[in-house]
Amino acid sequence: MEVLTPKLSVRNLCKSYDNKIVLNNLSFDLMEGEFLSILGPSGCGKTTLLRILIGLEKADSGEILKSGTDISGLSSFDRGMGIVFQNYALFPNMTVLQNVQYALTLRKDTKKEAKNIAMHTLEQVGLLDQINKKPAQLSGGQQQRVAIARTLAMNPDIILLDEPISALDVTNREIMKAELKSLQKKFHATMLFITHDQEEAFFLSDRIMVMNSGNVEQLDTPHSIYQNPASDYVSSFVVDQLDKKY
Ligand SMILES: Nc1ncnc2c1ncn2[C@@H]1O[C@H](COP(=O)(O)OP(=O)(O)O)[C@@H](O)[C@H]1O
Ligand SMILES: [Mg+2]
């Protein structure tokens, strides 16, 4: 039988700030092409985890393996991961095209083709008619799409998304949810999606990791979590909340 090597393997990750444990011996695998959500309340350590994965923050202990190789020693630039931040982090003084193009011009292998790659990606996310606008001239949903295009254009092995749609209004949130799902199919992307929203996680994910103050409460398919919550915490934070909404 073929044994699949996870695209990303997190092993026994620990992180504390000022003696406060933020990540408590966290372990999980993300498989190739998988959409995995990390679902947990505000303050449970989700952003800290992403920042450690991408190399903006250092873990106290533990391992991060990408396709079986430890990447802890690599810079953010060399990890082959792209991140879409909660606040989009677009450059306000650059146009849409410049925003998507910028990082591509910094890489030797994409420098020459930067504009073509940027244009192609903007076409794929339906923004070709907006390329000369500045972020402030766009709607929240469009800004979000620019942020996603900027990440996709770099062709990362893994895309990390930190609550990317929670700042949008209800209508745009529904549109972006559907769009994220179709983008994942189109790009065959491996995605780690952070959210505090139960319904988002259930709609989008192949699997969900439920987090509670730095611990993994349960990691399973949405169906299994709903049918068999592993703890009282999962029952009340996930199942009861979903039942309340529907
Ligand atoms: N740089 C930091 N210094 C001190 N405490 C931090 C720092 N970053 C995060 N924390 C704390 O770690 C905990 C988890 O934060 P965070 O990872 O942002 O949670 P989440 O993204 O799930 O809301 C919070 O209590 C937060 O205050
Ligand atoms: Mg956060």
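How do the axes of H4 and helix H5 (residues 170-187) cross, and within what distance do they come? They cross at roughly 20 degrees and come within 11 Å. That makes H4 roughly parallel to H5, where roughly parallel means an angle under 35 degrees. The crossing of this pair, H4 and H5, is right-handed.

Some ground rules. This is a predicted model, where local features need pLDDT of at least 70 and side-chain atom pairs count only at pLDDT 80 or more, while totals for chains, interfaces and linings use all residues. Residues are numbered from 1 along each chain as its sequence is written, chains are lettered from A and ligands numbered from 1 in the order in which they are written, and side-chain values use heavy atoms, with hydrogens and water left out.

Helices here are DSSP runs of H or I with at least four residues, strands are E runs of at least two, and both are numbered from the N terminus. Axes are lines fitted to C-alpha atoms, for helices over the stretch in contact, and angles run from 0 to 180 degrees between N-to-C directions.

Helix H3 (residues 114-124) and helix H4 (residues 140-153) have axes that come within 9 Å and cross at roughly 130 degrees. H3 and H4 are therefore oblique to each other. Oblique is what remains after under 35 (roughly parallel), over 145 (roughly antiparallel) and 65 to 115 degrees (roughly perpendicular). H3 passes H4 in a right-handed crossing. Right-handed means that the near helix is turned clockwise from the far one by less than a right angle.

Next, helix H2 (residues 96-106) against H3. Their axes are 8 Å apart, at an angle of about 130 degrees. That makes H2 oblique to H3. H2 also passes H3 in a right-handed crossing.

Now the ligand. Which elements each supply at least two residues of the shell around ligand 1? Strand E2 (20-30) and helix H1 (46-54) do. The largest share, 3 residues, comes from H1. Residues around ligand 1, with a heavy atom within 4 Å of it, include Tyr17, Lys20, Val22 and Lys46. The shell divides into 4 nonpolar, 5 polar and 2 charged residues.

Polar contacts, meaning N or O pairs within 3.5 Å, come next. Ligand 1 has an oxygen atom 2.6 Å from a polar backbone atom of Gly43. For Cys44, again a polar backbone atom, the distance is 3.2 Å. Thr47 puts a polar side-chain atom 2.8 Å from a ligand 1 oxygen. The protein covers 61% of the 560 Å² of accessible area (Shrake-Rupley, 1.4 Å probe) that ligand 1 has on its own.

Notes
A polar contact is a pair of N or O atoms within 3.5 Å; within protein, one must be able to donate a hydrogen and the other to accept it, and residues adjacent in sequence count only if both atoms are side-chain atoms. Ala, Val, Leu, Ile, Met, Phe, Trp, Tyr, Cys and Pro count as nonpolar, Asp, Glu, Lys and Arg as charged, and the others, Gly among them, as polar.
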